[in-house]
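Try each task before you read its solution.

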2 protein chains.
Amino acid sequence: MKNQNKRLIGNALVGQSGGPTAAINATLSGVIRGVAEARETVPTLYGMRYGIEGFLSGDVIDLSKYFDDEKALSLLEQTPAAALGSCRKKLPDPSKDPDFFRDLVKRFEELNIRYFFYIGGNDSMDTVAKLTAYLETVSYEMRVIGVPKTIDNDLVGTDHTPGFGSAAKYIAVTVSEYLRDCAVYRVPAVTIIEIMGRDAGWLTASAALPMAIDGIGPDYIYLPERTFDREAFLSDVREALKKHPNVVIAISEGIRFADGEYVGAGSQSGAKDVFGHKYLAGAGKVLESIVREEIGCKVRSAELSLSQRCAAHLASATDLDESVAIGRRAVSLAVDGISGHMVTVERTSSEPYALTIGSSAVGAIANQIRSVPSEFINERGNHVTEACIRYLLPLIEGERQIVYDRGIPKHFHF
Amino acid sequence: MKNQNKRLIGNALVGQSGGPTAAINATLSGVIRGVAEARETVPTLYGMRYGIEGFLSGDVIDLSKYFDDEKALSLLEQTPAAALGSCRKKLPDPSKDPDFFRDLVKRFEELNIRYFFYIGGNDSMDTVAKLTAYLETVSYEMRVIGVPKTIDNDLVGTDHTPGFGSAAKYIAVTVSEYLRDCAVYRVPAVTIIEIMGRDAGWLTASAALPMAIDGIGPDYIYLPERTFDREAFLSDVREALKKHPNVVIAISEGIRFADGEYVGAGSQSGAKDVFGHKYLAGAGKVLESIVREEIGCKVRSAELSLSQRCAAHLASATDLDESVAIGRRAVSLAVDGISGHMVTVERTSSEPYALTIGSSAVGAIANQIRSVPSEFINERGNHVTEACIRYLLPLIEGERQIVYDRGIPKHFHF
């Protein structure tokens with residue numbers, strides 16, 4: 001790491017990348033607040049529209065004017081989905097395509113960018129790692145910090161990720177409402193709730209949280225960390241139907257059969273996104289068909305869909321407050337000489353909940369997946385444990401006082 | 001109508017029927033409050049578990065103990081989905097199966113039920129009408145009141161129905177969040193949001209409400225009141241894609257082609273519920289395929305699913321307050337001698353919003369559908385009008401202060 005402990009005066013650039021969350025704008029607000037506090041070192045904060053892709057096409061705005069606008073920042077914090085716009089751009093390998101990075105650095109120089117903050121998930125940390133690696137080979141001085149954001153909670157090196165707590169709260173509340181909805185009739189019925197999470201089951205595990213409140217939760221929870229077995233599933237469903245008429249099951253979109261094939265692979269197999277991930281759709285629909293054919297009772301499935309990442313009206317106050325704090329810390333770390341790091345969270349206690357914010361070298365973080373650990377999954381692989389619920393519960397706590405306009409939450413627009 | 005103006009002393013029975021809503025328990029709370037106020041005439045209030053079907057199997061509880069429990073009633077009002085349980089029981093024709101009604105009345109006599117309140121939608125008003133017709137032919141004195149409840153807003157004789165405002169608010173807020181989510185990338189993409197409403201487009205029309213707040217709304221809104229034309233739809237989508245990359249479309253699950261076939265009929269055609277309605281699923285998925293094949297851009301569809309009827313955390317305060325008032329009014333109308341009526345709402349002004357609560361003979365209401373009128377749909381049949389937005393807006397106003405327990409709204413349990 002270069003530049004440590006040396007005062008580096010220059011402007012900052014912040015971008016949002018990857019999928020939207022309910023908290024990514026709170027992190028942006030934190031970065032804006034952090035730069036405002038470091039104004040003597042960092043006079044101007046630029047925002048890239050549509051991530052690094054938009055920046056490359058010259059789409060940049062000056063965010064300094066929001067430094068002292070508390071009303072605007074507060075509105076930004078209750079606004080879902082990347083307010084600056086986002087992208088899913090995978091950068092080339094710096095050793096194979098140095099020209100790409102030479103152009104990029106030329107643009108940084110034009111704006112005298114000395115601080116670079118990239119708010120994103122796994123793929124965005126790959127961008128941070130590559131940019132850091134390239135900067136090691138040239139003389140241009142710029143500090144690069146990855147600011148975590150992903151509803152998937154699957155980044156390594158951190159207790160949890162900003163955005164996850166709000167998504168988990170949306171899932172917990174929605175499942176608690178679905179449980180009520182499912183309980184109204186006495187006719188035997190199976191309801192399958194499909195929850196986001198390609199590789200890690202954190203979001204699906206959050207479906208268990210209503211149990212902590214009034215003891216009522218889904219009958220089963222199937223995570224991608226365990227092989228999905230068709231016969232064991234049918235046996236589970238039959239067993240639950242003997243106990244009560246309304247069976248509720250939470251599944252991850254990413255559950256796979258023993259041969260590695262996604263349960264939902266039927267629908268859109270083959271198609272892949274720019275990072276090579278397979279598109280997924282329909283594990284719920286597949287299981288719905290299996291129950292209909294094999295058990296024959298009333299059955300329906302529901303995907304919680306986009307609200308999992310953008311239901312800002314139900315954001316976790318804990319998540320939003322931490323997101324702001326993490327954005328601010330990103331700035332102070334960089335001003336203090338840190339570069340090539342991602343901001344991380346270490347939980348020091350669950351009851352009462354307490355944490356410290358630090359950072360880790362991004363090279364050890366990018367392109368890895370943090371799965372739900374074994375101690376959070378029950379032995380039969382069809383539910384989560386008490387330990388898992390204790391881990392999750394503090395992350396969904398608290399509600400922000402949302403500003404509404406005629407019945408709809410107000411959103412911030414650049 | 002019998003019994004008018006005569007004081008009738010006896011107990012009351014209340015039931016919830018049909019699909020859940022976020023406000024049906026507020027109406028139940030209103031009935032409980034109303035009976036508490038009429039205690040000298042109506043000493044005991046019984047609740048039927050699982051509607052008329054549960055009542056027939058003897059599943060009845062005494063609700064009188066909640067008369068003075070303000071905390072419990074307030075919790076009941078923030079709890080989604082029929083707390084008493086519900087059913088989808090279609091009663092026989094009284095002239096064809098008088099034995100059924102004889103048994104029913106025998107059960108009423110056993111509990112000295114003189115007031116019968118049935119909270120439900122169209123099919124439940126059918127129950128109220130049949131019971132009323134039967135009672136005209138026998139000597140047993142009982143007053144019967146239908147208390148409206150349906151997220152579909154399709155009951156005739158009333159400006160709107162309890163439960164609709166909360167569902168409309170959920171849809172408006174969710175669509176406003178989807179619009180933000182859809183705006184983050186610059187890649188051309190079409191998002192299709194499928195909204196409940198088999199025959200009437202009221203819920204789908206609510207997707208337009210974000211436009212009133214910040215001028216941003218879906219590009220198109222297709223209601224079941226207009227024939228869905230595949231070519232006009234594709235031409236609409238192509239036109240919108242020329243203007244901006246992120247096209248958002250709201251469709252009703254009940255849209256049909258010119259031949260009367262549901263757009264979503266492919267998936268589950270043939271299956272019908274006990275009232276003879278076709279099950280619907282997948283209009284969004286069908287349109288998603290059409291866009292993928294014919295236009296070839298990125299496209300996805302999402303069903304708002306069960307949350308439309310149970311997202312109590314986002315209930316409209318206007319809806320909940322009116323639901324309580326309507327429940328109370330049901331009781332006072334009956335005590336004053338009214339029977340065979342449904343409680344109705346007449347809007348006296350939209351700006352400022354004002355209404356009066358009255359009642360109408362249920363015979364003129366049951367088994368009819370109130371569609372979205374022509375003046376609320378634009379000429380091309382692909383969006384709603386300003387007049388429609390003005391009608392809808394007051395119904396979603398206001399937020400209740402929800403009581404949370406560790407991040408999740410608390411629910412009431414009998």
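**Exercise 1. Find where Gly254(A) sits in chain A, and decide whether Gly254(A) is buried or exposed.**

Solution. Keep in mind that you're looking at a predicted model.

- Step 1: Look for Gly254(A) in the loop that runs between strand E8 (246–252) and helix H10 (265–268) of chain A.
- Step 2: For a sense of scale, hop to Ala302(A), which is 48 residues away along the chain; the two C-alpha atoms are separated by 15 Å.

**Exercise 2. Check the span of helix H1 (residues 24–37) of chain B, then work out what covers its buried residues.**

Solution. Start with the length.

- Step 1: H1(B) has 14 residues, and at 1.5 Å a residue you'd expect 20 Å. From first C-alpha to last, the helix reaches 20 Å, close to that expectation.
- Step 2: Now burial. 11 of the 14 residues are buried, so H1(B) is largely enclosed by the rest of the structure. Among them are Ile24(B), Leu28(B), Gly30(B), Ile32(B) and Val35(B).
- Step 3: The cover comes from several parts of chain B, including strands E1 (11–16), E2 (45–48), E4 (113–120) and E5 (143–148), plus helices H3 (70–77) and H13 (317–335).

**Exercise 3. Describe how H1(B) packs against H3(B), and name the residues that make the contact.**

Solution. Two packed helices are described by the angle between their axes and the distance between the axes.

- Step 1: Here the axes are 7 Å apart and the angle is about 150°.
- Step 2: Angles over 145 degrees count as roughly antiparallel, so that's how H1(B) and H3(B) run relative to each other.
- Step 3: H1(B) brings Asn25(B), Ala26(B), Leu28(B), Ser29(B), Ile32(B) and Arg33(B) to the contact, while H3(B) brings Leu73(B), Leu76(B) and Glu77(B).
- Step 4: Sort these residues by class and you get five nonpolar, two polar and two charged.

**Exercise 4. Do the length and burial check on H13(B), and see what follows the helix.**

- Step 1: Since 16 of the 19 residues are buried, H13(B) is largely enclosed by the rest of the structure.
- Step 2: After the helix comes Gly337(B), with a positive phi near 110°.

**Exercise 5. Work out which parts of chain B touch chain A, and how the two copies are related.**

Solution. Begin with the contact itself.

- Step 1: 51 residues of chain B are in contact with 50 residues of chain A.
- Step 2: Elements of chain B giving two or more residues to this side are helices H6 (164–182), H8 (210–214) and H12 (307–310), and strands E12 (404–405) and E13 (408–409). H6(B) gives the most, with nine residues.
- Step 3: By class, this side of chain B has 27 nonpolar, 13 polar and 11 charged residues.
- Step 4: Turn chain B by 180° with a shift of 0.0 Å along the axis, and it lies on chain A with an RMSD of 0.0 Å. That is the relation of a two-fold axis.
- Step 5: The same surface serves both copies, as 98% of the contact residues of chain B recur in chain A.

Definitions and conventions. Residues are numbered from 1 along each chain as its sequence is written. Chains are lettered from A and ligands numbered from 1 in the order in which they are written. This is a predicted model: local features need pLDDT of at least 70, side-chain atom pairs count only at pLDDT 80 or more; totals for chains, interfaces and linings use all residues. Two residues are in contact if their C-beta atoms, placed from the backbone, lie within 7 Å. Helices (H or I, at least four residues) and strands (E, at least two) are DSSP runs, numbered from the N terminus. Ala, Val, Leu, Ile, Met, Phe, Trp, Tyr, Cys and Pro count as nonpolar, Asp, Glu, Lys and Arg as charged, and the others, Gly among them, as polar. Copies are superposed by least squares on the C-alpha atoms of residues with pLDDT of at least 70 in both. The expected span of a helix is 1.5 Å times one less than its number of residues. A residue is buried if 20 or more other C-beta atoms lie within 10 Å of its own, exposed if 12 or fewer, and partly exposed in between; C-beta atoms are placed from the backbone. Axes are lines fitted to C-alpha atoms, for helices over the stretch in contact, and angles run from 0 to 180 degrees between N-to-C directions. Angles under 35 degrees count as roughly parallel, over 145 as roughly antiparallel, 65 to 115 as roughly perpendicular and the rest as oblique.
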